[in-house]
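Visitor: Could you walk me through this one, feature by feature? I'd like the general idea each time, then the case at hand.

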Amino acid sequence: MSNTITIDGQTVPFEEGQTIMDAALAAGVYIPHLCHNPEFTPHGSCKLCTVNVNGRNVASCTMPAVEGQQIANDTAELNAKRLALTQMLFVEGNHFCPFCEKSGNCNLQAVAYHLGMMSPRYNHFYPAREVDATHPDILLDRNRCILCELCVRASRDVDGKEVFGLSGRGIHCKLVVNSASGDLVDTDLAATDKAASVCPTGAIIVKRCGFSVPIGERIFDHKDIGKVQIEAAQREKSHG
Amino acid sequence: MGENKKIRVATCSLAGCFGCHMSLLDIDEKLLTLLELVEFDRSPLTDIKHCGPCDVGLIEGGVCNAENVHVLKEFRKNCKVLVAVGSCAITGGIPAMRNNIGLWECFQEVYQFEGGLEGGQIPNDPELPLPFDKVHPIYEVVNVDYFLPGCPPPAGAIWKFLTDLLAGREPKLEYEMLHYD
């Protein structure tokens, strides 16, 4: 038997070049993640997908699958760390679900539901962040940005426009717009671009679409994000 | 269960909209069942002004002024189990939208610049509680035992939470009952 890894006691096959995350998704094993999206090159920044491989904690979205790896994923210890990371994301930005257009369809919120987050636990930063409403079709609300770089990757790798980038380090890191004015209106970003729809939170949203789906019919109203993302991966697999 | 064994519950709304209290009323006929199990101390339902010794305190709303802190501390001192109910108590919620706008600018906008106001004076009666420059969730001020998220938490979630708590079980919400909105 070759090319298999073991996740929480379950034997999972992998193909050469796959990461642990790739193999897990293909096998229907959910590893919580936020900055990872199977359509893009892994970024490895949110650390939510941290698993324990042969005694060492690593990011599963960037770690190549190697024959014989013994991996712990869905454990109380790792989920507690993931919950703490998620809570830190909540207090570091301004994430107010009750009036966010993305609520119910938001990966950050859904991961928090999955991990059973009852409160953000830490003291809120309530940072002052800029909202860019200059673009006629797209809103950029940095209050909700978790710096996952999915929009940066989508704009660069799929749309070929390089509209977004990250600037600054540590707590001063923020999403910037690649135009002379720094405003979204002065870029060629279009509402049909991948970068306009890839945001896992409500930081980048297409205007005039908010609240169009009623509560009760949104993506995560009845279904855990693990199930949603595994089903998406299975669909992708069956469509080749 | 005898009258003297009823569980004593206090509720209040700090910087909230009373929506969570409305959701509590939304348990409809189960209110009658609830009243067989509990009796209310300070609550909008009783109009008692100060909280006495209680088993459970339910707090709606965040902390936006000095009075909120006094009420919250009174609840913490008197309640064996303190529960943060709803988004405002847990994150600051809608009132915390003002957290990045200066207090003076907020007052000017509301009392001076807004059309249709007579006099244009900012209220300064000494009876009025002193507002804070930022709104905070209650757990940043006192220790909180349980959290019941939602804006508001659905009546079903409140019922499940209370019945778990009253029965001595660790409160546990099903996936569909856990909402932040």
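Guide: Start with the domains of chain A, whose bounds come from an automatic or database domain assignment. The C-alpha centres of domain 1 and domain 2 of chain A lie 24 Å apart. Domain 1 covers 4–79 + 224–239, and domain 2 covers 82–206. Bear in mind that this is a predicted model: local features need pLDDT of at least 70 and side-chain atom pairs pLDDT 80 or more, while totals for chains, interfaces and linings use all residues. Residues are numbered from 1 along each chain as its sequence is written, with chains lettered from A and ligands numbered from 1 in the order in which they are written.

Visitor: How many residues of domain 1 of chain A are in contact with domain 2 of chain A?

Guide: Contact here is a C-beta criterion: two residues count if those atoms, placed from the backbone, lie within 7 Å. By that rule, 16 residues of domain 1 of chain A meet 19 residues of domain 2 of chain A. Helix H2 (76–92) and helix H6 (225–238) of chain A each supply at least two residues on the domain 1 side. Helices are DSSP runs (H or I, at least four residues), strands are too (E, at least two), and both are numbered from the N terminus.

Visitor: And how many helices and strands does chain A have?

Guide: Chain A comes to 6 helices and 10 strands. Its radius of gyration, taken over C-alpha atoms, is 18 Å, close to the 18 Å from the globule rule (2.2 Å times the number of residues to the power 0.38) for 240 residues, so chain A is as compact as a globular protein of that length.

Visitor: Over to chain B. What is the strand order in its open sheet?

Guide: Strands pair if DSSP finds at least two bridges between them. The open sheet of 5 strands in chain B runs S2-S1-S3-S5-S7, with parallel pairing. S2 (38–40) and S7 (146–148) of chain B stand at the edges with a single partner strand each, so one side of each has no neighbour in the sheet.

Visitor: Which residue is the bridge partner of B:Val83 in S7(B)?

Guide: That's B:Tyr146. S5 (residues 79–85) of chain B and S7(B) pair in the parallel sense over 3 bridges. Helix H6 (residues 155–166) of chain B packs on the sheet, touching S1, S3, S5 and S7 of chain B, and its direction makes about 155° with that of S7(B). For such angles, axes are lines fitted to C-alpha atoms (for helices over the stretch in contact), and values run from 0 to 180 degrees between N-to-C directions.

Visitor: How many residues does each chain bring to the contact between A and B?

Guide: Chain A gives 17 residues and chain B gives 22 residues.
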